[in-house]
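Student: Please bring up the model. I want each label tested against its definition.

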Amino acid sequence: LGFRRFKNSRVEFSVLHRIQKSFGKINFRSFFALAGTYVPASVRLALEAKSSYYGNLTDDERDSRAKKPIVAGSVGPYGAFLADGSEYTGDYSLTTHEYQGFHRRRMQLLAEAGADMFAFETQPNFEETKSLADLLKKEFPEMTAWLTFSIKDPQHLCDGTPLAEAVAFFEDNPQISAIGVNCTSMNNI
């Protein structure tokens, strides 16, 4: 389990990627059986870390940070589950229904365990991000997410979608709290 502490008092975790790396290539059913155990435990640990960290700050330190630290549950790309490098290219294709079926249980587990928001992160595939936003709207109307794209150059997502088009699609979505890029070369920034 990886925790990262940031000046803006965000606690982020990415347990499913750790499961995949720890156990190698596993089937879909086994993957989510493990997730049902590890995701709630990870959220509990993140909430405890948030409480402990924030509780140990001085008043001045607390005043210089976000008024309410958040726990963001990581929702990475389908390509990472494939473990074939496609999370770096976006070279995979499912239907909206299939993308949502893949992400639904993880998002349910994160929400039920108390994550404050979702982190749709390192997303290389525009169709997948649209599916995630649709799932968020339909099944998690009280939740928000930030969205970060994985890009192959300064103008394009890894799947070739123009970055400006992808950002424009989400910029007026009230459930998407921030849009950015991550896990890319500094030359792309």
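Student: Why is Y78 called buried?

Tutor: Its relative accessible area is 14%. Buried means under 20%, exposed means over 50%, and partly exposed is in between, with a 1.4 Å probe and protein chains only. Y78 falls under the cut-off, so it counts as buried.

Student: What should I know about the source before we go on?

Tutor: This is a predicted model, where local features need pLDDT of at least 70, side-chain atom pairs count only at pLDDT 80 or more, and totals for chains, interfaces and linings use all residues. Residues are numbered from 1 along each chain as its sequence is written, and side-chain values use heavy atoms, with hydrogens and water left out.

Student: Where is Y78 found, and what is it in contact with?

Tutor: Y78 is in helix α4. Helices here are DSSP runs of H or I with at least four residues, strands are runs of E with at least two, and both are numbered from the N terminus. Leaving aside neighbours within four places in sequence, Y78 is in contact with Y92, L94, Y99, F102, H103 and E128. Contact means heavy atoms within 4.5 Å. Y78 and Y92 are 14 residues apart along the chain, with 8.4 Å between their C-alpha atoms.

Student: H103 is on that list. How do you know whether H103 is buried or exposed?

Tutor: Its relative accessible area is 0%, so H103 is buried. H103 sits in helix α5. G76 is 27 residues away in sequence, yet the C-alpha atoms are 8.9 Å apart.

Student: What is the class of C183, by the same test?

Tutor: C183 reaches 62% relative accessibility, so it counts as exposed. C183 lies in the segment after β8 (176–181). Its phi is near 50°, a positive value in a residue other than glycine.

Student: What makes a set of residues a nonpolar core?

Tutor: The members must be buried Ala, Val, Leu, Ile, Met, Phe, Trp, Tyr or Cys residues, joined through side-chain atoms within 4.5 Å. The largest such core has 26 residues, and M107, F118, F120, L136 and F149 have the most contacts inside it. Two or more residues each come from α2 (28–55), α5 (96–113), β4 (117–123), α6 (126–139), β5 (145–149) and α7 (163–170). The largest share, five residues, belongs to α6. Another core, of five residues, lies apart from it, with Y78, F81, Y92 and F102 among them. In soluble globular proteins, nonpolar side chains tend to be buried together.

Student: What does L136 touch?

Tutor: Not counting residues up to four places away, L136 touches M107, F118, F120, P141, M143, A145, Q175 and I176.

Student: What angle do α5 and α6 make, and how far apart are their axes?

Tutor: The angle is about 55°, and the axes are 9 Å apart. That makes α5 oblique to α6. Under 35 degrees is roughly parallel, over 145 roughly antiparallel, 65 to 115 roughly perpendicular, and the rest oblique. Axes are lines fitted to C-alpha atoms, for helices over the stretch in contact, and angles run from 0 to 180 degrees between N-to-C directions. By class, this contact of α5 with α6 has five nonpolar, five polar and five charged residues. Ala, Val, Leu, Ile, Met, Phe, Trp, Tyr, Cys and Pro count as nonpolar, Asp, Glu, Lys and Arg as charged, and the others, Gly among them, as polar.

Student: Why are α6 and α7 called roughly parallel?

Tutor: Their axes cross at roughly 5° and come within 11 Å. α6 and α7 are therefore roughly parallel to each other. F126, T129, K130 and A133 in α6 meet E165, A166, F169 and F170 in α7. By class, that contact has five nonpolar, one polar and two charged residues.
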